[in-house]
Amino acid sequence: MQRLWVIAGFLLAVGLLSTAVWSYGYRQALSQLSQKAEADLELAADRLSTQMQVYQELAVLMANHPTLQELSTPEQELAARLMLLDVADKTAAINMIYLDQTGRVLASAKPMGPRNMAEHPAFKRALQGAMGSAHGVEPDSGNRTYSYAAPSFGPTGQVDGALMVVADVQDVEQTWRGSTEAVFFVDNDGVVFISNRSDLLFWSRAEGQRGLTPPDGSPIDFATSWVDGHELWSLNWGRYLPQRALHLTLDLPVIDMTAEVLVDVAPARRLAGLQAAAVAAICLAFGALLFLATERRRTLTEANAVLEGRVAKRTRDLTTANTALRREVAERQEAEAALKKAQAELVQAGKLSALGQMSAGISHELNQPLMAIQQFADNGAAYMERGQGEKAGKNLGRISEMAARMARIIKNLRAFARNESEPMGKVDLVQVIQSAIELTEPRLREERVTLNWWPSSHPVNAWGGEVRLAQVFVNLINNAIDAMDGQADKRISIQINSGDRLVVLIRDTGPGIEDPDKLFEPFYTTKSVGSSEGLGLGLSISYGLVQSFGGNIRGANAEGGAVFSVELEHFAEGKVA
């Protein structure tokens with residue numbers, strides 16, 4: 001409800017402001033219109049006065065013409081008449097008349113009815129020695145005329161007669177009839193005698209009257225008002241006259257008339273209306289923008305309050321969820337730590353399982369050098385007693401070789417079996433595969449497996465961990481040996497391919513992979529349940545180790561067996577684990 005009162009008050013203020021602007025604009029436009037109307041009225045009055053002055057000066061110039069001085073004979077009268085006719089034709093005068101002192105017509109350009117004009121007002125004034133003028137309507141033709149009478153002086157200065165020039169007012173009007181403003185000239189009797197609007201001719205104004213009355217005296221619509229010193233007429237006098245007009249007057253004593261003009265004020269009203277409409281439109285537009293801004297602010301305030309409530313509720317929910325999430329993160333971190341510990345234990349268990357499988361062969365590998373060392377030591381002692389130092393030295397050299405072999409086997413076992421983390425870095429892939437082969441060599445020999453391995457003559461550097469990578473290849477070689485159990489033809493080939501990535505291919509001649517999709521799943525095995533040969537974790541552990549190096553391991557069936565590919569990244573300087 002309050003908003004409706006505010007809107008109503010604003011609209012009322014806009015209406016009052018528009019009214020004030022209209023009034024001010026209308027007054028300003030009337031002032032400008034009045035200035036223009038004054039200029040147009042002066043121009044029309046000057047034009048009429050100038051045209052009538054031509055006939056006035058013509059009368060003065062021709063009054064003492066020599067041809068008019070001697071009119072005693074018919075020939076002289078004819079000559080005077082022809083001269084007057086010639087001048088009248090050239091000046092467009094209706095008639096030119098020469099009169100004597102009694103008003104008798106002595107000569108005229110054109111024939112005329114009355115031969116005596118002693119009572120003519122213009123002639124009476126001329127007899128007094130001054131320029132006489134008069135206007136009227138010819139009874140025969142009904143034409144409006146304006147007459148000038150100039151005195152003709154004799155040799156002694158007395159008035160001998162007068163020359164009268166009669167002009168057609170209608171010919172004068174033709175030059176400015178139909179202009180935009182309605183201009184009319186009122187004589188001393190209050191009658192409209194000259195006008196560019198023929199509808200106003202012979203309208204009259206009584207003494208003290210502001211408007212005009214038609215010739216027939218019928219009533220007409222008329223009202224007058226004043227706006228800021230300007231007289232305005234409200235009238236309904238025909239379609240060629242404005243309904244609301246600015247009225248101005250100008251006295252013309254030269255022709256004994258008053259010039260008046262009626263200027264339509266509709267353009268001024270339209271201009272004021274446009275100004276008021278523009279102000280109203282601007283105010284309404286500003287008000288609409290202000291209203292929209294206020295409504296938007298109010299809506300935003302309400303929405304902000306709702307949003308703050310939702311945010312507060314959401315904050316409480318998030319706080320609760322965050323607390324639960326922290327607790328869950330802590331639990332998952334504990335589970336991840338336990339998983340890593342279990343994974344490390346599984347890796348170590350895998351190592352120990354592999355060592356268990358290789359223990360018999362390793363024992364044989366260590367026992368054989370020990371027995372050889374004992375034999376070479378006994379032989380060396382015998383050679384020393386006999387004084388055969390050279391042969392004793394050879395036996396000692398063989399003992400040194402056997403000890404070095406045993407040290408290498410023990411070193412590989414220690415490195416393979418230790419349970420400690422190692423940083424990733426540059427690893428010689430050839431050396432890692434060679435170590436895995438040395439660890440599995442006793443079993444390869446025991447199972448009568450032929451190993452085809454073509455080591456590179458130069459290092460092949462990969463990204464990874466040496467011990468964990470060796471465990472991967474040990475597991476793959478042991479699995480290949482297990483897969484070929486019971487076969488006569490047992491062959492394993494190992495090959496390194498270098499491209500965008502390093503790829504180690506391990507092929508066997510076993511029966512192939514039974515289910516490649518489950519190959520790397522934990523506890524997946526094709527061995528009999530309860531056997532001592534493994535729990536199915538070897539390939540799963542190997543898969544995790546290779547993934548930790550940023551590589552990949554795949555298994556697939558090939559012609560005549562299975563093939564495992566281990567993809568590793570090349571070592572690059574500056575790489576950080």
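User: Which residue in β15 is the bridge partner of Thr450?

Analyst: Arg491 in β15 is the bridge partner of Thr450. Strands here are DSSP runs of E, at least two residues, and helices are runs of H or I, at least four residues, numbered from the N terminus. This is a predicted model, where local features need pLDDT of at least 70, side-chain atom pairs count only at pLDDT 80 or more, and totals for chains, interfaces and linings use all residues. Residues are numbered from 1 along each chain as its sequence is written, and side-chain values use heavy atoms, with hydrogens and water left out.

User: How many bridges join β13 to β15?

Analyst: Four, and the two strands run parallel. β15 covers residues 491-498. Two strands count as paired if DSSP finds at least two bridges between them.

User: What sheet is that in, and what's the strand order?

Analyst: An open sheet of five strands, with mixed pairing. The order is β13-β15-β16-β18-β17.

User: Which strands stand at the edges?

Analyst: β13 (450-453) and β17 (552-558). Each has a single partner strand, so one side of each has no neighbour in the sheet. From one strand to the next, the twist averages 15°. Angles run from 0 to 180 degrees between N-to-C directions, and axes are lines fitted to C-alpha atoms, for helices over the stretch in contact.

User: New topic. What's the order in the sheet with β1?

Analyst: β2-β1-β5-β4-β3. That sheet is open, has five strands and pairs antiparallel. β2 (105-108) and β3 (132-137) are its edges; each has a single partner, so one side of each lacks a neighbour in the sheet. Its twist averages 20° from one strand to the next.

User: How many bridges between β4 and β5?

Analyst: Nine, in the antiparallel sense. β4 is residues 144-153 and β5 is residues 159-168. Pro151 stands opposite Ala162 in β5.

User: Where does α1 lie?

Analyst: Helix α1 (residues 2-62) lies across β1 (95-100), β4 and β5, at about 25° to β4. Helix α2 (residues 74-91) packs on the sheet too, touching β1, β2 and β5. Contact means heavy atoms within 4.5 Å.

User: How do the axes of α1 and α2 cross?

Analyst: At roughly 160°, coming within 12 Å. That makes α1 roughly antiparallel to α2 (angles over 145 degrees count as such).

User: Which residues of α1 and α2 meet?

Analyst: Tyr55, Leu58 and Met62 in α1 meet Met83, Val87 and Thr91 in α2.

How values were computed: Angles under 35 degrees count as roughly parallel, over 145 as roughly antiparallel, 65 to 115 as roughly perpendicular and the rest as oblique.
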